[in-house]
Amino acid sequence: MTNDASAALLETVQQYVAGANPFVIVGGGSKSFLGCRPAVSEPPAVVSVAEHHGVINYEPTELVMTARSGTPLSTVISTLHEHGQQLPFDPPQLPNATLGGTVACGLSGPTRPYAGSVRDHALGVRIISGKGEDCSFGGEVMKNVAGYDVSRVQVGAFGTLGVLLDISLKVLPLPESTVTLMFEQAAHDTVPMVQLARQYLPVTGAVLIGEQRFIRLAGSEAGVKAAAAQLGGESVNDDGPWTGVRDLSHAFFDDIRPTWRFSVPDYASTLELPNDDDGTPAATLYDWGGAQRWVKTNASAEVCFAAAAGAKGHATRFSEAPAGAPTHQPINGVSARLQSELRASFDPHRLCNRGRFHPELDS
Amino acid sequence: MVADAKTALSRADKRALYSSELSALVPKGQVLHTDEDLRPYESDGLTVFKRAPLSVVLPATIEEVQAVMRWASSRQVPVVARGAGTGLSGGALPHEDGILLGLAKFNKILELNAEHGYARVQPGVTNLAISNVARPHGLYYAPDPSSQIACTIGGNVAENSGGVHCLKYGLTVHNVLSIDVVTVDGELLTIGAMGCDDAGYDLMALLTGSEGMLAVTVEVTVKLLPVPPVAKLVMAAFNSVSAAGDAVGSVIAEGIIPAGLELMDSPAIVAAEDFAGCGYPTDAAAVLLCELDGTEAEVNAQIGRVSDVFNRCHATALHIAETEDERLLLWKGRKSAFPAVGRISPDYYCIDGTIPRRELSTVLSRMDELSKEFGLRIANVFHAGDGNLHPLILYDASVDGETERTERLGSEILQLCVKVGGTVTGEHGVGVEKINEMCVQFDTDTLNQFHAVKAAFDPAGLLNPGKAIPTLQRCAEFGAMHVHNGQCSHPELERF
């Protein structure tokens with residue numbers, strides 16, 4: 001079942017633009033916990049893309065799929081699986097997640113350092129800008145340098161550069177064979193994962209949970225078998241920790257403290273985070289070979305941002321934040337000026353998801 | 001200062017004034033302004049367009065670039081940045097009222113970090129030089145445009161360059177971690193991150209491929225990948241181009257992503273064989289070069305499957321390179337296809353469009369018709385894995401009107417690429433060359449949004465003005481309008 005609601009969406013957005021009325025963009029609502037919650041008195045106007053759904057074009061041998069933003073992520077993935085293909089960035093499959101929300105939030109799973117991110121696979125987008133204009137960037141071919149690469153810039157922009165309508169992504173074959181290996185090691189030591197990244201092996205995941213390192217190998221059966229024999233370790237019989245880490249449902253996330261995501265160089269040393277008031281240290285799960293660190297802590301946003309900056313990275317809060325509290329590493333200086341101008345070039349009145357992403361770019 | 005830029009100075013006066021002011025910003029000998037000195041900078045790799053700038057400035061430090069940009073901003077002088085000048089779309093064509101910012105002195109590799117897999121380099125370092133210093137550590141920089149021996153990494157960032165291995169390893173945008181840029185008003189900032197992503201908007205993606213229109217790149221940090229332990233090349237011959245095209249689809253359908261998958265048609269095969277003597281079957285209508293790389297176990301498993309696919313797809317001959325030397329020789333033929341064609345024709349014009357691969361037969365047969373219609377021969381090399389087509393039009397510039405006819409044929413081919421769902425440029429950039437065809441690919445609102453993005457970075461339009469994105473006026477003059485939902489896309493403009 002598919003439905004093209006673009007005309008209605010365009011009309012709705014144009015009305016809001018005419019009235020200078022800010023609006024929030026909603027797909028399946030699965031990631032409503034992400035981003036800032038502006039302290040506003042009235043509930044904002046809503047633009048829902050849920051009714052704009054369906055795969056528009058999918059030719060497996062072209063390695064490209066185009067689908068509407070409201071298409072359930074599960075539909076996208078099952079359609080690809082039927083043809084032996086996949087989204088290479090293996091995004092979190094939160095209940096009710098849509099393709100549009102996945103792209104807008106720029107979320108990639110454990111494969112990211114090895115297979116690339118959402119933005120790496122974005123080929124084209126059709127959007128409604130904050131000016132109420134229907135624009136199409138990029139296309140459905142893998143190599144395309146005509147015009148600025150606006151498609152990739154939409155990824156992770158949290159809808160602040162317009163409403164995503166249609167999205168074209170590069171897709172890849174599913175691996176023939178997958179194996180997960182487990183190694184006992186010292187906690188917090190990312191060096192073995194960093195060293196692994198310098199070797200040519202069919203790795204598609206590397207996480208460190210407590211004192212256990214999990215390595216996933218995927219590819220041709222012979223290739224995976226040979227790599228597994230080379231690495232040693234203990235073969236894990238079930239799927240391993242991948243789904244739980246990807247979907248934030250692993251037992252690690254049961255800790256009731258807020259979740260923070262740190263994106264840092266994989267070789268960054270242990271993050272400097274203070275203990276909680278009762279002396280409990282922050283808990284860290286190392287994904288992406290050490291480049292993405294999930295941290296459970298009661299530390300303030302400012303402390304998390306400082307720790308991330310100290311590690312040459314950035315931090316994002318991944319639990320619902322108190323109203324008005326910052327959730328994304330603040331941007332400043334020349335970069336803030338340019339990014340604010342970029343936002344304004346798509347949405348001069350800052351109507352799309354105002355205050356949700358980087359409030360410092362909204363004034 | 002701004003005031004006298006507006007007064008009507010003669011070209012010679014401006015040249016003298018700018019040169020003397022620029023000479024105060026950079027050491028002696030780094031400002032060129034005589035006709036003789038400017039001549040080498042009149043064009044880039046697309047030599048049909050030539051134009052002299054008012055002066056050429058060759059800064060050697062980031063501070064000097066900042067000083068030049070501050071000067072240009074306050075004087076409102078257009079600036080065109082240039083690396084090695086190997087670009088094929090006129091992206092580095094000078095502006096007649098502006099200065100050319102040559103970055104050739106930025107030629108140092110600043111840091112090679114093998115442990116953490118990156119290299120920090122100046123923008124004037126050549127693409128191949130990076131891999132050359134990384135290779136002793138078992139690492140390399142993946143994008144490999146055919147001009148890699150000469151083209152610079154700064155230019156690669158500006159054009160989002162690809163290469164024959166980008167189906168598997170991606171383009172420049174997938175392999176650069178961060179860049180330092182100088183803005184139009186001379187401010188320095190770092191874009192991107194040493195981790196997997198950065199806070200805020202993905203400016204790294206936006207600046208990659210922005211053709212020098214948004215900022216000047218002064219430092220580049222690239223990702224280095226481990227060299228695949230094994231690479232094997234299969235060469236397959238076919239008795240029609242469409243059979244070869246079908247074979248490409250069948251390899252992908254098999255779930256195999258080769259490191260490189262290149263197609264050449266008969267004229268290209270014959271020219272390349274004559275040039276490189278690499279053992280191509282000159283009686284074939286099409287040849288596929290399919291490279292598989294990875295661990296020995298992986299490559300051995302895949303090579304058999306690919307050979308089976310080619311046999312099923314009626315390959316007339318199949319050959320697996322037996323030695324590393326032979327593999328490199330077979331690649332040499334492909335990589336030198338352009339100069340090879342240059343030997344069989346006084347001039348050639350390289351087109352760069354991308355099409356959905358399933359349209360290959362349609363596009364090639366239409367191109368055949370166009371070739372006859374225009375009376376010009378075409379040889380084709382094709383990055384078949386990702387649909388990037390490089391028709392080479394053979395012509396003779398000394399024959400009256402043939403250059404213009406060639407350009408018209410090129411334009412027809414690009415419009416054909418758009419018509420079948422592709423794009424006017426896969427990897428060479430728009431520059432000045434394909435600016436008219438951009439009007440066919442994009443509608444008014446989208447073009448306006450591109451201009452708005454440009455204005456966010458460069459409100460006065462001083463960085464590489466007139467390139468990459470056509471004005472609506474220009475689209476109206478070109479007359480090849482993008483028709484969207486049955487409506488002509490520039491109803492607000494008068495027609496010529």
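This is a predicted model: local features need pLDDT of at least 70, side-chain atom pairs count only at pLDDT 80 or more; totals for chains, interfaces and linings use all residues.
**Stop 1**

Start by colouring the strands of chain B. Four of them make up an open sheet, ordered 1-2-4-3, with mixed pairing. Now pick out its two edges: strand 1 (31-32) and strand 3 (79-82) of chain B, each of which pairs on one side only.

Next, zoom in on strand 1 of chain B together with strand 2 (residues 55-57) of chain B; these two run antiparallel and are joined over two bridges. Which residue of strand 2 of chain B is the bridge partner of Leu32(B)? Select Val56(B) and you have found that partner.

**Stop 2: the helices on the sheet**

Bring helix 2 (residues 11-23) of chain B into view. This helix lies across strand 1, strand 2 and strand 4 (99-102) of chain B, and its angle to strand 2 of chain B is about 15 degrees.

Is Ala12(B) buried or exposed? Ala12(B) has a relative accessible area of 55%, so it counts as exposed. For a distance to check in your viewer, take the C-alpha atoms of Ala12(B) and Leu54(B): they are 8.4 Å apart, although 42 residues separate them along the chain.

**Stop 3: a loop in chain B**

Move along to Ile149(B), in the loop between strand 7 (139-140) and helix 6 (153-159) of chain B. Ile149(B) is exposed, because its relative accessible area is 65%. Leaving aside residues up to four places away in sequence, Ile149(B) touches Thr126(B) and Leu128(B). Leu128(B) is 21 residues from Ile149(B) along the chain, and their C-alpha atoms are separated by 5.3 Å.

**Stop 4: a lysine in chain A**

Finally, switch to chain A and select Lys296(A), in strand 16 (residues 292-296) of that chain. Lys296(A) is buried and has no salt bridge. Where is the nearest side chain of opposite charge? It belongs to Asp255(A), 5.5 Å away. Now show the backbone too: the side chain of Lys296(A) reaches the backbone oxygen of Asp255(A) at 2.9 Å.

To see the surroundings, display the residues that Lys296(A) touches beyond four places in sequence, among them Phe252(A), Phe253(A), Arg257(A), Pro258(A) and Ala282(A).

Technical notes. Residues are numbered from 1 along each chain as its sequence is written. Chains are lettered from A and ligands numbered from 1 in the order in which they are written. Side-chain values use heavy atoms; hydrogens and water are left out. Two strands pair if DSSP finds at least two bridges between them. Helices (H or I, at least four residues) and strands (E, at least two) are DSSP runs, numbered from the N terminus. Contact means heavy atoms within 4.5 Å. Axes are lines fitted to C-alpha atoms, for helices over the stretch in contact, and angles run from 0 to 180 degrees between N-to-C directions. Buried means under 20% relative accessible area, exposed over 50%, partly exposed in between (1.4 Å probe, protein chains only). Lys and Arg count as positive and Asp and Glu as negative; His and the chain ends are not counted. A salt bridge is a side-chain nitrogen of Lys or Arg within 4 Å of a carboxyl oxygen of Asp or Glu. A polar contact is a pair of N or O atoms within 3.5 Å; within protein, one must be able to donate a hydrogen and the other to accept it, and residues adjacent in sequence count only if both atoms are side-chain atoms.
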